[in-house]
Amino acid sequence: MIDLEQFLLLSLGGYRATQLVVHDSLLDGPRERLDAWQQRRPQSVAREALVTLISCVYCSGWWIAGALLAVWLVVTGQWHQDPLLVHGFEWLAVAGGAVLLNRWDDSRKDS
């Protein structure tokens, strides 16, 4: 099981990666092209789902946290140390930590 330091590192990384995918101007071009692609066939459920995945902090954050955690566990040799269910709970925790940081960041912008 990941320790507190690893949890914090992965949560911070998940927060930052989610900001990059959803908000940062660095990826404005690809997001605009994706939106234009979706607008050419707005009735497409698959296209709508992909645009939602990229534009939603919770959706992107969930998958980013899972990817970061999986890579971390494999690289550090921790993947086989615990049952898969434990890693599922770790995924929920890391995604939750990253979302809390996103919500805190969003609340600072509103005030």
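Predicted model: local features only at pLDDT ≥ 70, side-chain atom pairs only at ≥ 80, totals over all residues.
The protein chain has 5 helices and 0 strands, where helices (H or I, at least four residues) and strands (E, at least two) are DSSP runs, numbered from the N terminus. Read along the sequence, then, the pattern is α-α-α-α-α, and the C-alpha atoms fill a box of roughly 45 × 35 × 20 Å, taken along the principal axes.

Residues are numbered from 1 along each chain as its sequence is written, and side-chain values use heavy atoms, with hydrogens and water left out.

On confidence, pLDDT is the predictor's confidence in each residue, from 0 to 100; its mean over the protein chain is 92, and 98% of the residues reach 70 or more. Helix α3, residues 45-55, has the lowest confidence, at a mean of 89, whereas helix α4, residues 57-75, has the highest, at 96.

Of the 111 residues in the protein chain, 32% are buried, where buried means under 20% relative accessible area, exposed means over 50%, and partly exposed is in between, with a 1.4 Å probe and protein chains only. Contact means heavy atoms within 4.5 Å, and among contacts between residues at least 6 apart in sequence, 62% join residues at least 24 apart.

Which residues make up the largest nonpolar core? There are 7 residues in all, namely Ile2, Leu10, Ala65, Leu69, Leu73, Val94 and Ala95, a nonpolar core being a set of buried Ala, Val, Leu, Ile, Met, Phe, Trp, Tyr and Cys residues joined through side-chain atoms within 4.5 Å. Helices α4 and α5, the latter spanning 84-110, each supply at least two residues of this core, and α4 gives the most, with 3 residues. As general background, nonpolar side chains in soluble globular proteins tend to be buried together.

Ala95, leaving aside its neighbours within four places in sequence, is in contact with Gly61, Trp62 and Ala65. Leu73 is in helix α4 and counts as buried because its relative accessibility is 1%; not counting residues up to four places away in sequence, Leu73 touches Ile2, Gln78, Trp79, His87 and Glu90. The C-alpha atoms of Leu73 and Met1 are separated by 9.2 Å, although the two residues are 72 apart along the chain.

His87, one of those contacts of Leu73, takes us to helix α5. With a relative accessible area of 5%, His87 is buried, and, with residues up to four places away in sequence again not counted, His87 touches Leu69, Leu73, Gln78, Trp79 and Asp82. Phe89, also found in helix α5, counts as exposed because its relative accessibility is 53%; from Phe89 to Met1 there are 88 residues in sequence and 9.7 Å in space, C-alpha to C-alpha.

Ser11, in helix α1 (residues 4-22), is buried, since its relative accessible area is 4%. Not counting residues up to four places away in sequence, Ser11 touches Ala93, Val94, Gly97, Ala98 and Leu101.

How do α3 and α4 pack, and at what angle? The angle is about 80°, with the axes 5 Å apart, where axes are lines fitted to C-alpha atoms, for helices over the stretch in contact, and angles run from 0 to 180 degrees between N-to-C directions. That makes α3 roughly perpendicular to α4, since angles of 65 to 115 degrees count as roughly perpendicular, those under 35 as roughly parallel, those over 145 as roughly antiparallel and the rest as oblique. In this contact, Thr52, Leu53, Ile54 and Ser55 in α3 meet Val57, Cys59, Ser60 and Trp63 in α4. By class, the contact has 5 nonpolar, 3 polar and no charged residues, with Ala, Val, Leu, Ile, Met, Phe, Trp, Tyr, Cys and Pro counted as nonpolar, Asp, Glu, Lys and Arg as charged, and the others, Gly among them, as polar.

I will finish with Asp35, which lies in helix α2 (residues 28-40) and counts as partly exposed because its relative accessibility is 37%. The C-alpha atoms of Asp35 and Thr52 are separated by 9.9 Å, with the two residues 17 apart along the chain.
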